[in-house]
Amino acid sequence: MHSFSKTDFHPIPNANIVLLHIALKKEIMYDMESYKKYKDFIAYSFMRNAENIKSCFKDVFSYEQIKRLGREHEFDMKANINQLFDTQWMSLFDFFFKSVVRQKQEIIDGSYAKLLKQQDSLEKRHRNVQRR
């Protein structure tokens, strides 16, 4: 991502201008079973409605583990989970998958399916439909 200065443009815009380059990854990050667990991990995290990373993961990571992960992967454990980058998510999951005991891993099992079921019951409101 590249941030431009407002003075790079004429006339000067009222908005901040950025250029974002998105590229498709060529390598496969996880096999199908691990990918299923990764989706469960992400869904579990967002369904918690926790105010910060520390409280979000308190049932699966110890305080010392989340503190060390934050230091190693450069995130503040008091930040919101929305502020994590994809590489930080993958690092958290890799540690969870390789180092957390199976009993704690079972906490997240089926979270993605629960999220889909929960979303199916929501009434969809399409905002792009024009009103008459």
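A residue is called buried when its relative accessible area is under 20%, exposed when that area is over 50%, and partly exposed in between, using a 1.4 Å probe and protein chains only. By this rule Glu 74 is exposed, because its relative accessible area is 71%.

The structure is a predicted model, in which local features need pLDDT of at least 70 and side-chain atom pairs count only at pLDDT 80 or more, while totals for chains, interfaces and linings use all residues. Residues are numbered from 1 along each chain as its sequence is written, and side-chain values use heavy atoms, with hydrogens and water left out.

**Backbone features**

Glu 74 lies in the loop between helix H3 (63–73) and H4, where helices (H or I, at least four residues) and strands (E, at least two) are DSSP runs numbered from the N terminus. Asn 49 sits in the loop between H1 and helix H2 (53–56). The table sets out the phi angles of these two residues, neither of which is a glycine.

| Residue | Phi | Relative accessible area |
|---|---|---|
| Asn 49 | positive, about 55° | 70%, exposed |
| Glu 74 | positive, about 55° | 71%, exposed |

Another backbone feature concerns Pro 11, which is placed in the loop between strand E1 (2–3) and E2; the peptide bond leading from His 10 to Pro 11 is cis, with omega near 0°.

**Aromatic rings**

Rings of Phe, Tyr and Trp (for Trp, its six-membered ring) are taken as a pair if their centres lie within 6.5 Å, and the pair is stacked if the planes are under 30 degrees apart, edge-to-face if they are over 60, and tilted otherwise. A search of the whole structure finds 14 aromatic pairs. Tyr 30 and Phe 93 are both buried. They also belong to one aromatic cluster, whose members include Tyr 38, Trp 89, Phe 96 and Phe 97.

**A residue touching the cluster**

Gln 105, which is found in helix H5 (residues 102–105), counts as buried because its relative accessibility is 7%. Leaving aside residues up to four places away in sequence, Gln 105 is in contact (heavy atoms within 4.5 Å) with Phe 96, Phe 97 and Val 100. Of these neighbours, Phe 96 and Phe 97 are among the members of the aromatic cluster.
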